[in-house]
Amino acid sequence: MKVLHTDEAPAAVGPYSQAIEANGLVFCSGQLPIDPATGVFVEGGIKEQTCQSITNAKAVLCAAGLDLSKVVKTTVYLSDMSYFADMNEVYAQFFKEPFPARSAIAVKTLPKNAMVEVECIAVR
(Lines give C-alpha, C1' and ligand atoms only; values in the text may rest on other atoms or scores of the structure.)
Protein backbone atom coordinates (compact mmCIF):
# COMPACT_ATOMS: atom_id res chain seq x y z
CA MET A 1 0.00 0.00 0.00
CA LYS A 2 1.21 3.48 -0.86
CA VAL A 3 -0.13 6.75 0.55
CA LEU A 4 -0.53 9.54 -2.01
CA HIS A 5 -0.54 13.24 -1.19
CA THR A 6 -0.34 16.52 -3.07
CA ASP A 7 -0.50 20.14 -2.02
CA GLU A 8 -2.41 20.77 -5.28
CA ALA A 9 -5.54 19.38 -3.58
CA PRO A 10 -6.97 20.26 -0.16
CA ALA A 11 -5.49 18.51 2.83
CA ALA A 12 -7.64 15.86 4.45
CA VAL A 13 -10.18 17.29 6.91
CA GLY A 14 -9.99 14.20 9.11
CA PRO A 15 -7.98 11.05 9.80
CA TYR A 16 -7.73 9.78 6.21
CA SER A 17 -5.41 9.97 3.19
CA GLN A 18 -6.07 11.88 -0.01
CA ALA A 19 -5.55 8.58 -1.80
CA ILE A 20 -4.17 5.09 -1.36
CA GLU A 21 -2.63 2.99 -4.09
CA ALA A 22 -2.88 -0.78 -3.79
CA ASN A 23 -2.52 -3.56 -6.37
CA GLY A 24 -2.56 -1.19 -9.35
CA LEU A 25 -5.64 0.70 -8.18
CA VAL A 26 -5.76 4.25 -6.82
CA PHE A 27 -8.57 4.96 -4.37
CA CYS A 28 -9.15 8.71 -4.08
CA SER A 29 -10.97 9.99 -1.04
CA GLY A 30 -13.97 12.21 -1.59
CA GLN A 31 -12.95 15.66 -2.74
CA LEU A 32 -14.82 18.71 -1.51
CA PRO A 33 -14.98 21.95 -3.54
CA ILE A 34 -12.18 23.55 -1.52
CA ASP A 35 -9.68 25.72 -3.34
CA PRO A 36 -6.32 24.37 -2.11
CA ALA A 37 -4.75 27.83 -2.44
CA THR A 38 -7.22 29.49 -0.06
CA GLY A 39 -8.57 26.58 2.00
CA VAL A 40 -12.17 27.70 1.45
CA PHE A 41 -14.96 26.70 -0.90
CA VAL A 42 -14.92 28.20 -4.37
CA GLU A 43 -17.50 30.92 -4.91
CA GLY A 44 -20.62 30.10 -6.87
CA GLY A 45 -23.11 27.27 -6.99
CA ILE A 46 -23.20 23.61 -7.86
CA LYS A 47 -21.41 24.03 -11.20
CA GLU A 48 -18.43 25.79 -9.64
CA GLN A 49 -18.35 23.36 -6.73
CA THR A 50 -18.48 20.35 -9.06
CA CYS A 51 -15.67 21.78 -11.16
CA GLN A 52 -13.47 22.33 -8.10
CA SER A 53 -14.22 18.89 -6.62
CA ILE A 54 -13.24 17.13 -9.86
CA THR A 55 -10.21 19.40 -10.29
CA ASN A 56 -9.10 18.35 -6.80
CA ALA A 57 -9.57 14.66 -7.66
CA LYS A 58 -7.59 15.22 -10.85
CA ALA A 59 -4.73 16.75 -8.82
CA VAL A 60 -4.65 13.73 -6.50
CA LEU A 61 -4.53 11.39 -9.50
CA CYS A 62 -1.73 13.50 -11.00
CA ALA A 63 0.29 12.86 -7.82
CA ALA A 64 0.01 9.18 -8.71
CA GLY A 65 1.12 9.84 -12.29
CA LEU A 66 -2.41 9.29 -13.62
CA ASP A 67 -5.15 11.37 -15.20
CA LEU A 68 -8.93 11.23 -15.41
CA SER A 69 -8.82 8.83 -18.38
CA LYS A 70 -7.69 6.12 -15.92
CA VAL A 71 -10.76 6.52 -13.68
CA VAL A 72 -12.95 3.40 -13.70
CA LYS A 73 -15.50 4.42 -11.03
CA THR A 74 -16.75 7.63 -9.49
CA THR A 75 -19.18 8.34 -6.72
CA VAL A 76 -20.82 11.76 -6.62
CA TYR A 77 -22.52 12.84 -3.41
CA LEU A 78 -25.02 15.67 -3.75
CA SER A 79 -26.63 17.59 -0.92
CA ASP A 80 -29.76 17.89 -3.08
CA MET A 81 -30.75 15.77 -6.10
CA SER A 82 -32.06 18.93 -7.80
CA TYR A 83 -28.36 19.66 -8.52
CA PHE A 84 -28.02 16.52 -10.66
CA ALA A 85 -28.45 18.10 -14.13
CA ASP A 86 -26.02 20.95 -13.44
CA MET A 87 -23.48 18.58 -11.87
CA ASN A 88 -23.83 16.25 -14.85
CA GLU A 89 -23.18 19.11 -17.29
CA VAL A 90 -19.88 19.94 -15.58
CA TYR A 91 -18.96 16.28 -15.05
CA ALA A 92 -19.26 15.67 -18.82
CA GLN A 93 -16.60 18.33 -19.43
CA PHE A 94 -14.04 16.28 -17.47
CA PHE A 95 -14.82 12.67 -18.43
CA LYS A 96 -14.84 11.31 -21.98
CA GLU A 97 -15.89 7.96 -23.46
CA PRO A 98 -15.52 5.34 -22.31
CA PHE A 99 -17.07 6.99 -19.27
CA PRO A 100 -16.27 5.54 -15.85
CA ALA A 101 -18.98 3.71 -13.98
CA ARG A 102 -20.71 6.15 -11.64
CA SER A 103 -23.09 6.41 -8.72
CA ALA A 104 -24.77 9.70 -7.84
CA ILE A 105 -26.32 9.81 -4.40
CA ALA A 106 -28.23 12.51 -2.53
CA VAL A 107 -27.21 12.71 1.10
CA LYS A 108 -28.59 14.68 3.99
CA THR A 109 -25.45 16.72 4.63
CA LEU A 110 -21.89 16.82 3.34
CA PRO A 111 -18.80 17.93 5.27
CA LYS A 112 -18.65 21.70 5.74
CA ASN A 113 -22.12 21.87 4.13
CA ALA A 114 -20.74 21.36 0.62
CA MET A 115 -23.17 20.93 -2.26
CA VAL A 116 -21.08 18.12 -3.80
CA GLU A 117 -18.28 15.69 -3.04
CA VAL A 118 -16.60 13.48 -5.65
CA GLU A 119 -14.53 10.35 -5.09
CA CYS A 120 -12.99 8.02 -7.64
CA ILE A 121 -11.09 4.82 -8.28
CA ALA A 122 -8.47 4.71 -11.02
CA VAL A 123 -6.39 1.93 -12.52
CA ARG A 124 -2.76 1.95 -13.62
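**Chatting through the fold**

User: Quick one to start: how many disulfides does a search of the whole structure find?

Analyst: Zero, going by a search of the whole structure. Keep in mind that this is a predicted model.

User: OK, new topic. How are the strands arranged?

Analyst: There are six in an open sheet, ordered E1-E2-E3-E6-E4-E5, with mixed pairing. E1 (2-4) and E5 (101-106) are the edge strands, so each of them pairs on one side only. From one strand to the next, the twist averages 15 degrees.

User: What sense do E2 and E3 pair in?

Analyst: Antiparallel, over four bridges, with E2 covering residues 19-22. If you want to find one of the partners, look at Glu21, whose bridge partner in E3 is Val26.

User: Where do the helices go, then?

Analyst: H1 packs on the sheet and touches E1, E2, E3, E4 and E6. Its direction makes about 30 degrees with that of E6. H2 lies across E4 and E5, running at about 150 degrees to E5.

User: Which residues touch the most other members in the largest nonpolar core?

Analyst: Val26 and Leu61, out of 26 residues in that core. Among the elements giving two or more residues are E3 (25-31), H1 (46-63) and E6 (116-123). H1 gives the most, with six.

User: Why would nonpolar side chains gather like that?

Analyst: In soluble globular proteins, they tend to be buried together.

User: What does Leu61 touch, skipping its sequence neighbours?

Analyst: Leaving out anything within four places in sequence, its contacts include Val26, Cys28, Leu68, Val71 and Cys120.

User: Last one: where's Ala64, and is it buried or exposed?

Analyst: Ala64 sits in the loop between H1 and E4. It counts as buried because its relative accessibility is 8%, and the cut-off for buried is under 20%. Not counting residues up to four places away in sequence, Ala64 touches Leu4, Val26 and Arg124. Also, Ala64 and Thr6 are 58 residues apart along the chain, with 9.3 Å separating their C-alpha atoms.

Definitions and conventions
Residues are numbered from 1 along each chain as its sequence is written. This is a predicted model: local features need pLDDT of at least 70, side-chain atom pairs count only at pLDDT 80 or more; totals for chains, interfaces and linings use all residues. Side-chain values use heavy atoms; hydrogens and water are left out. A nonpolar core is a set of buried Ala, Val, Leu, Ile, Met, Phe, Trp, Tyr and Cys residues joined through side-chain atoms within 4.5 Å. Buried means under 20% relative accessible area, exposed over 50%, partly exposed in between (1.4 Å probe, protein chains only). Contact means heavy atoms within 4.5 Å. Two strands pair if DSSP finds at least two bridges between them. Axes are lines fitted to C-alpha atoms, for helices over the stretch in contact, and angles run from 0 to 180 degrees between N-to-C directions. A disulfide is a pair of cysteine sulfur atoms within 2.5 Å.
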